[in-house]
Amino acid sequence: MSEIVSLAEKYKDYFKIGAAVNPRSIAKYGDLIKKHFNSLTCENEMKFISVQPERGVFTFDAADTVANFARENGIPMRGHTFVWHGQTPRWIFEDKDSAYEELAKHMETVGGRYADIVYAWDVVNEAANDADGGNIYRERSPWYGLFGESYLKEAFKMAKRILPAGTKLVYNDYNESNPGKRDRIIEMIRRINDEGILVDTVGMQSHWRPGSPSLDMICEAIEKYAAEGLRIHITELDVSMHEWNEAPGTVWDTPERAEEHAKYYGDIFAIFRKYKDHIDSVTLWGVTDGTSWLNGFPVRGRPDKALLFTDDGMPKEAFYRVIDF
Ligand code: G3I
């Protein structure tokens with residue numbers, strides 16, 4: 001492994017290179033992670049339901065395992081996430097009167113515990129509507145159900161008050177390069193920031209597949225977000241080998257698709273480099289193909305090879321395209 005160039009080292013003049021990790025991937029791929037990544041995100045372990053499944057009962061073991069690994073190796077972390085419709089325990093939504101107070105306590109406790117190591121928090125995750133036309137907000141979020149759109153500004157105000165000064169306050173979402181959704185995200189952030197800047201960074205999740213979004217769409221999205229004065233984090237990058245709505249049984253693990261996959265990785269990193277003045281970090285959502293959420297999930301039983309390393313920790317062709325500059 002030693003002759004293989006380090007991703008983080010190769011990109012040191014551009015932006016941080018991150019990975020989503022968990023206690024299992026750290027145990028299995030600790031050396032690989034230390035070598036290639038200089039930013040870490042807990043894949044699930046800092047989510048609300050992971051750290052406070054019951055009111056007032058905090059369970060930090062898994063998040064601590066990751067944070068301590070990061071501390072021991074001097075690797076800064078992104079915090080993921082405080083306000084989301086997913087992986088959030090029901091109890092917080094049961095009493096509207098105490099929901100904000102509980103959220104503030106949660107941010108204080110979790111944000112405080114990792115304040116030494118976390119440089120950015122995904123304060124709000126996935127609050128924009130996916131569909132064009134109509135409301136810009138995800139109406140089915142229980143947060144929206146309780147408070148309407150006001151919860152967004154409230155959450156960021158809280159985060160600004162509670163988290164250490166200088167922590168990047170991120171709005172994070174997927175389909176972020178799709179023009180309709182992109183414009184809803186921008187409008188949402190404008191409204192949150194209308195009395196002063198609260199959101200300073202947009203998280204482009206970047207769950208992509210070869211050719212989708214197109215390279216033009218990615219450039220346009222980066223330019224539009226940057227024109228709002230926002231810093232950009234690529235927060236959850238992966239490139240699925242599967243086509244959208246692929247018929248079951250389709251042979252997907254072909255040399256042709258592997259080439260498209262590798263080429264797309266090369267192309268998107270060239271774009272990231274071009275916009276390096278706006279981008280602070282590029283995080284891959286997993287470490288090796290087998291540890292990716294796309295491998296067998298959410299489509300039951302369907303494998304995928306969406307990342308840069310094989311399960312033996314070997315760099316794939318996509319890796320070489322990423323460092324080929
Ligand atoms: O913890 C249980 C375990 O006890 C049980 O045995 C196992 C059986 O299925 O499930 C485990 O929980 C799973 C958890 O991942 C940990 O592996 C959940 O079922 C599963 O739903 C959960 O999936 C996560 C998903 O978020 C949930 O929405 C993925 O790992 C995680 O990669 C994914 O990450 C999200 C980002 O947070 C937000 N953006 C999209 C991204 C991809 O979906």
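This is a predicted model: local features need pLDDT of at least 70, side-chain atom pairs count only at pLDDT 80 or more; totals for chains, interfaces and linings use all residues.
Show the chain as a cartoon, and the secondary structure comes to eleven helices and nine strands. Along the principal axes, the C-alpha atoms fill a box of roughly 55 × 45 × 40 Å. The radius of gyration of the protein chain is 19 Å, which agrees with the value near 20 Å that a compact globule of 325 residues would have.

Then go back to the cartoon and consider the contacts in the chain. Of those between residues at least 6 apart in sequence, 75% join residues at least 24 apart.

**The ligand**

Now select the ligand and the residues around it. Which residues come nearest to the ligand? Of the 14 residues around it, these are Glu43, Lys47, His80, Glu126 and Glu236. Colour the shell by class to find four nonpolar, six polar and four charged residues.

- Asparagine 44: an N or O atom of its side chain is 3.0 Å from an oxygen atom of the ligand.
- Glutamine 205: a polar atom of its side chain lies 3.1 Å from a nitrogen atom of the ligand.
- Tryptophan 285: a polar atom of its side chain lies 3.0 Å from an oxygen atom of the ligand.

The ligand taken alone exposes 790 Å², of which the protein buries 49%.

**Methionine 204**

Select methionine 204 next, in strand β6, which covers residues 201-204. Is methionine 204 buried or exposed? Its relative accessibility is 0%, so methionine 204 counts as buried.

Show what surrounds this residue. Leaving out residues up to four places away in sequence, methionine 204 touches a set that includes Asn172, Asp173, Glu176 and Ser177. Also among its contacts are Ala221, Ile222 and Tyr225, as well as the run Ile232, His233, Ile234, Thr235 and Glu236.

For a distance to check in the viewer, pick the C-alpha atoms of methionine 204 and arginine 78. They are 13 Å apart in space, while the two residues are 126 apart in sequence.

**Two cis peptide bonds**

A cis peptide bond joins histidine 80 to threonine 81, with omega about -5°. Threonine 81 belongs to strand β3, residues 77-83.

Then select serine 212 and proline 213. The peptide bond from serine 212 to proline 213 is cis as well, with omega near 0°. Proline 213 is found in the loop between β7 (207-208) and α9 (215-227).

**Two positive phi angles**

Follow the chain from β3 towards α5 (96-113); glutamine 87 is in the loop between them. Glutamine 87 is not a glycine, yet its phi is positive, about 45°. Its relative accessibility is 31%, so glutamine 87 counts as partly exposed.

Where is the last stop, asparagine 245? Asparagine 245 lies in the loop between β8 (231-239) and α10 (255-274). Phi of asparagine 245 is near 55°, again a positive value in a residue other than glycine. With a relative accessible area of 67%, asparagine 245 is exposed.

Conventions
Residues are numbered from 1 along each chain as its sequence is written. Side-chain values use heavy atoms; hydrogens and water are left out. A residue is near a molecule or strand if one of its heavy atoms lies within 4 Å of it. A polar contact is a pair of N or O atoms within 3.5 Å; within protein, one must be able to donate a hydrogen and the other to accept it, and residues adjacent in sequence count only if both atoms are side-chain atoms. Accessible areas come from the Shrake-Rupley method with a 1.4 Å probe; for residues, only the protein chains shown count as cover. Ala, Val, Leu, Ile, Met, Phe, Trp, Tyr, Cys and Pro count as nonpolar, Asp, Glu, Lys and Arg as charged, and the others, Gly among them, as polar. Helices (H or I, at least four residues) and strands (E, at least two) are DSSP runs, numbered from the N terminus. The radius of gyration is taken over C-alpha atoms; the globule rule is 2.2 Å times the number of residues to the power 0.38. Contact means heavy atoms within 4.5 Å. Buried means under 20% relative accessible area, exposed over 50%, partly exposed in between (1.4 Å probe, protein chains only).
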